[in-house]
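Work through the following exercises with the sequence and the model side by side. Each task is followed by a solution in steps.

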Amino acid sequence: MAIAHEQGNMWRHPSADFSVSKIRYYSRHKGEVNCCAFSPDCHVLLTCCDDARLYLWSAISAKHLATFSGHSGPVKSCVFSSDGQLFASASHDRTVRIWSRSSTECTHILTAHSGSVETVSFSPDGQRLVSGGWDNRVLIWRVQSGEMLEDLRGHTAAVQSSAFSSDSQSVATGSWDRTVRVWKLLEEKEAVTLQGHLGNVACLCFSVSGTLASGSWDGTVRVWSPMHYACLFVLGGCERVWVRSLAFSRDGLVLASIAEGDMVRIWDVTSGVCLKRLQGHKDSAYGCVFTPDGKLLTSGSEQLDVEDERSESLNTEQDRTVKSDHEDDQDIVTHSE
């Protein structure tokens with residue numbers, strides 16, 4: 001099957017216009033940036049950090065909008081709801097918090113986990129939330145009330161990653177037991193277990209068509225078919241480095257991946273070919289995400305150096321603050337399509 005966008009009589013692959021352009025830094029973090037997420041309208045960027053805080057930024061100007069405190073440990077994961085009115089965070093302090101974007105208040109504190117919570121994801125319909133962590137459990141929550149709906153057990157080690165399918169009926173979880181499990185919610189069916197990775201499964205994402213991608217500490221990304229979850233491709237694997245983050249484009253035609261000490265790689269989902277390598281960070285990148293409109297790819301990393309910091313001014317007052325603390329600040333980089 002040809003994967004291309006038609007422009008007149010010319011066929012262009014959807015990755016053809018990806019390039020590093022107008023790099024923008026979001027530089028107020030005081031620890032490693034563990035996760036970033038765009039609001040559905042693409043106007044706001046949410047980040048979370050080892051400093052136990054969450055940050056809201058203008059995605060257009062990189063202006064810092066708000067800082068959210070409440071967790072007592074590193075915040076490992078963050079995500080917006082599909083309508084953009086709520087966001088959720090998972091922390092080493094064993095809690096999940098649901099926040100109101102408009103009021104900036106924490107609406108629910110979810111406390112059933114007995115260990116660090118490593119991952120949290122909203123269902124696309126906005127009704128449910130999944131969390132997983134060091135207690136090997138996968139918990140499903142009702143967003144409106146904070147009530148726990150399901151306690152899914154089967155993983156034999158910590159749960160590090162999660163993702164809902166686009167129809168909200170299934171959730172995938174990745175674990176330190178080296179497996180991916182796909183759970184059919186509100187059904188009695190046993191979870192489908194996907195095996196093949198030789199290391200912890202650190203990240204997961206579904207495409208709009210139901211294709212599932214998983215990234216592992218074994219240095220590979222596996223792409224699974226939506227119907228029978230057979231492995232279609234094994235991407236990478238030349239170096240044993242930790243695959244930290246994955247993101248499908250809006251149309252599901254390309255997949256972005258970030259690995260320890262590596263640049264952002266763009267993959268053709270149907271052929272398994274690496275199409276592009278995007279370099280913008282001076283240090284290891286930690287996470288990547290596409291904007292909902294598919295026009296921007298954002299990645300987060302560990303260290304911001306002085307020259308890069310000077311090359312992208314945020315605003316006069318904030319820029320002075322960031323420069324004075326540059327040794328401790330962390331950065332987010334955006335790449336344009």
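**Exercise 1.** Determine how many bridges join strand E23 to E24, and which way the two strands run.

*Solution.* Strand E23 (residues 243-248) and E24 run antiparallel and are joined by 5 bridges, where strands are DSSP runs of E with at least two residues, numbered from the N terminus, and two strands pair if DSSP finds at least two bridges between them. Val-243 has Ala-259 of E24 as its bridge partner, and in the hairpin, with 5 residues between the strands, Gly-252 takes a positive phi near 75°. On to the next strand: E24 is also joined by 5 bridges to the antiparallel strand E25 (residues 264-268), with Arg-265 in E25 as the bridge partner of Ser-257.

This is a predicted model, in which local features need pLDDT of at least 70 and side-chain atom pairs count only at pLDDT 80 or more, while totals for chains, interfaces and linings use all residues. Residues are numbered from 1 along each chain as its sequence is written, and side-chain values use heavy atoms, with hydrogens and water left out.

**Exercise 2.** Explain why strand E24 is largely enclosed by the rest of the structure.

*Solution.* In E24 (residues 254-259), 6 of the 6 residues are buried, so the strand is largely enclosed; buried means under 20% relative accessible area (1.4 Å probe, protein chains only). Val-254, Ala-256 and Ile-258 point one way, Leu-255, Ser-257 and Ala-259 the other way, and all are buried.

**Exercise 3.** Find the residue that lies over the face of Trp-242.

*Solution.* Arg-244 lies there, at 4.1 Å from the ring centre, the criterion being NZ of Lys or CZ of Arg within 6 Å of the ring centre and within 35 degrees of the ring normal.

Technical notes
Buried means under 20% relative accessible area, exposed over 50%, partly exposed in between (1.4 Å probe, protein chains only). Helices (H or I, at least four residues) and strands (E, at least two) are DSSP runs, numbered from the N terminus.
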